[in-house]
Amino acid sequence: MLFSSPAGRQDVCCVISGAAGLGIQTVEDMLARVIVDEGFCVFGSREYMSRVRGGNNSTELRVSSEPVDALIDRIDILIALSRNVRQNILERISPHTVILGDRDELKGELEDRGASFVHIPLSSLAKEAGGAIYSNSIAAGALLGVLGLGTEGAAAFYRDRFAGKDDVVTKNIAALEKGYGLGAPLGGEGGVLAGRPRSKGGKKTILNGSDAVALGAMAAGCNFVTAYPMSPATGVLSFFYRHAAEAGAVVEQTEDELAAINMAVGASYAGARPMVTTSGGGFALMAEGLSLAGVVEAPLVVHLAQRPGPATGMATRTEQADLELALHSGHGEFPRAVYAPGTMESAFRLTQEAFASALRFQTPAIVLTDQYFVNAFHNLDESALQWLEEPSLLPETGGDYRRYEDAPDGCSPMGVPGWGKGIVGADSHEHDEVGHVYEDFHLRTRMQDKRMRKLDGLTARAVPPRLFGPGNYRNLVVCWGSTLPILREALAGLDRDDTALLAFEQVWPLAPSSAAMLEKASFIAVAEGNSTGQFARLLRAEFGVKADKKILKYNGLQFSVEEASAMLAGALPAKGGDR
Amino acid sequence: MENKLFDLAGIEISWCPGCGDFLILDSIKKALAELGLTPLDVVVVSGIGQAAKTPHYMKSHFFNGLHGRALSNATAIKAANPALEVIAVGGDGDMYGEGGNHFIHTVRRNPGITNLVYNNMVYGLTKGQASPTSPRGFRTATQVDGVQSAPFNPLAVALSLGATFVARAFAGNGEQTKEIIKRAVRHKGYALVDIFQPCVSFNHVHTYKWFRENTYTLEGHDEGDFDAAMKLALLEEGPFPLGTLYCKEGIAPFEETLAAYRKDKRPLFQREAPREAAREVLAAMGR
């Protein structure tokens, strides 16, 4: 049997690799849609080089009867569209991997690897189909054939995606069917997925991290989005450009990040609910504007999608090394909240929460994601998405209105210019209650205390970390942000009844209840995607808790489940033993 | 008639005695009052510098932000609530130096705001260094051998980028400055008024007397003639023309081109969260 590997496994893992510009993303969208419509679950993750054409990129698709949401190394089926397959893929080819590729294109590459190499004449078939650009549809057809998922769903997808371009639709469907004819005999009776349970209905929504953040923002009433394009944060800007009219949102690509954040703060002053979206380098440029939002007490949400630094770093790769930047960016002292969603559901909910806390406490809130997270996607049930309370509209100001009136919780009633009888001021200097620059040392202390009191409210509101695994744990694995599903799956695979996972999705301020959860453990390992252990350092500073082990990755790629599993197995104390 | 509508009571103004900024402030307040505006209709936006203190010295809504960023703040305030009359004020260092990139792109973007630049060709707040508009050879405590760089030409730059209202005023001509500001405020789209302003403490070259002797009022000039305007803007030696060099109406300002206002004319602060639209977008992801 050609495909022995997937039998007995929870999921089938397919990887498609090829040069940029071959239309892999369209095929990826199509395959995901078909897989889900056929009653299976899908998880997808993309890794790509910083180039528009050429190179070699890959997309992983995990197909399963049960929900899947984490990156793995194992490849059951590899479809190679182009030669010069990169080392990160070659390393993942195991003796069980079946490789499909065109001998003429690959020129001998991959033939001696994996369980077997199956030649599919992509180039010649593509030529017959109408040109090289159809090779992706042929390959996708072959994969659908191997899996046994039929061609109807794919045809419907093409008709919808290329509506109005009948020639493109016809040629793509013909190409797909050619590929299907080659793939179907390879997959055996009914295809590789034969016999696996399918679910009818439910979990039909396919969401990636970028869209989860953008949709959460839209749900929260975000109506002002400014950005300078920067990978991997641009998806949120594109989303809002596409939906600007329905969202009723002002969307503008600015000349630089300084304009982006200063526009956002200006809009906030005028009563908009603004967001900027950027990556580390752009966020570094926004530092002064963030500080401005702090002192003028402007509600503002920053989506910070991390990629490796320093400086330009690796433009299309992933890392979790901007935690400390997010925590400390901006001169002077002002309160902020920082969220780091670990799942699509969390990204939707916590982006709303970021808006809610920014509006409630009139201060910046940051949503920290990363390249892995914004590009990863999986199917889910729409009902799994939580809609938080809608923002209330601002009241009119009275004639005696003062923007920075003292308040027990530090939050002065917010008014906006042009709504009511009051004058509304804002000043980047230290200012009096009206907002005029005024140098008085008592006033300064009073105003600084007023602003910082908001941190108490933010702390009381902080989202507590999520615990997975036994409640009576002895060992605790701690993570934050996008690694949650990966560590959850890795730990589940280790089958340890003495070890739990504590996943933080708000990283500032930390929920006070976290302290007891950390102190209960006799051994703590902190896993994160940077080289120095930034979150471990934060836990020590905040709670005096020292990590016994740091599990770090910073090569530009996300942890895989297998890799995390091996690192955890090496780090955790022996079962029942002392550390 | 003395109109005190925009006067702010009980303030101490920190400009030097004799500063041209006092005269500009007076022209602004009179212009706004004569246009029938009230302090509740107007937002004065500024960055950092002596000129940027203006919003603290008059009665209106105000946003005093960061050095160089007033045009970004102002553009956004106008975009968030187009009913507001938004005026961005600042000096030559603030608008043309620190904020130079925003100046360029704000002209291109063409928001319906008024940009008043108090151009004294020197840095006042930081005590006497050269500014982007200081002429070559201008000596200061930091430019000890005189300015080496060519001076920034705001009028020519704005014209070259498609600005639809470009004017030059002189603080010492209060009545004329007031009239130019009125036209700039009424103009639909971005309006630049570069205002010659004597700095009595740090610029001993460009004094009231110098400006009087080196300027003249434009007469018989066709404001719709771009080439003529550009020629005037490019004059390197005085006398420099005062008045509206260029004015073109009928181009939709930035805020009117936004998709945000296609279906809904309300300012952003009056909008509920678009829950139904968000649910529709989400539903499309399930198809």
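In strand S18 of chain A (residues 499–504), A:Ala503 is the bridge partner of A:Cys479; helices (H or I, at least four residues) and strands (E, at least two) are DSSP runs, numbered from the N terminus. This is a predicted model, in which local features need pLDDT of at least 70 and side-chain atom pairs count only at pLDDT 80 or more, while totals for chains, interfaces and linings use all residues. Residues are numbered from 1 along each chain as its sequence is written, and chains are lettered from A and ligands numbered from 1 in the order in which they are written.

S18(A) pairs in the parallel sense with strand S17 (residues 475–480) of chain A over 6 bridges, where pairing requires that DSSP finds at least two bridges between two strands. With strand S16 (residues 466–468) of chain A, S18(A) pairs in the antiparallel sense over 3 bridges. There, A:Ala503 stands opposite A:Arg466. In a regular strand the side chains alternate between the two faces of the sheet. On S18(A), one side carries A:Thr499, A:Leu501 and A:Ala503 and the other A:Ala500, A:Leu502 and A:Phe504, all of them buried. A residue is buried if 20 or more other C-beta atoms lie within 10 Å of its own, exposed if 12 or fewer, and partly exposed in between, with C-beta atoms placed from the backbone.

Another strand of chain A, S4 (residues 77–80), holds A:Ala80. A:Ala80 has 25 other C-beta atoms within 10 Å and is therefore buried. Neighbours within four places in sequence aside, A:Ala80 is in contact with A:Ser17, A:Val85, A:Ile99, A:Gly101, A:Leu106 and A:Leu110; contact means that the C-beta atoms of two residues, placed from the backbone, lie within 7 Å. The C-alpha atom of A:Ala80 is 47 Å from that of A:Val265, 185 residues apart along the chain.

Confidence in chain A is given by pLDDT, the predictor's confidence in each residue, from 0 to 100. The mean for chain A is 96, and 99% of its residues reach 70 or more. Among its elements, helix H4 (residues 122–129) has the lowest mean pLDDT (93) and strand S12 (residues 337–339) the highest (99).

Chain B has 9 helices and 8 strands. Its radius of gyration, taken over C-alpha atoms, is 20 Å, close to the 19 Å that the globule rule gives for 287 residues, so chain B is as compact as a globular protein of that length. That rule is 2.2 Å times the number of residues to the power 0.38. Of the 287 residues in chain B, 53% are buried.

The two chains meet in a contact that takes 56 residues from chain A and 46 residues from chain B. On the chain B side, strand S2 (61–64), helix H2 (70–80), helix H4 (100–109) and helix H9 (275–284) each supply at least two residues. H2(B) gives the most, with 8 residues. S2(B) runs parallel to strand S15 (residues 425–427) of chain A, joined by 3 bridges. One of the bridge pairs is A:Gly425 with B:Phe62.

In soluble globular proteins, nonpolar side chains tend to be buried together. A nonpolar core is a set of buried Ala, Val, Leu, Ile, Met, Phe, Trp, Tyr and Cys residues joined through C-beta atoms within 7 Å. The largest has 260 residues, of which A:Leu143, B:Ile77 and B:Val166 touch the most other members. Helix H15 (residues 344–361) of chain A provides the largest share of this core, 10 residues.
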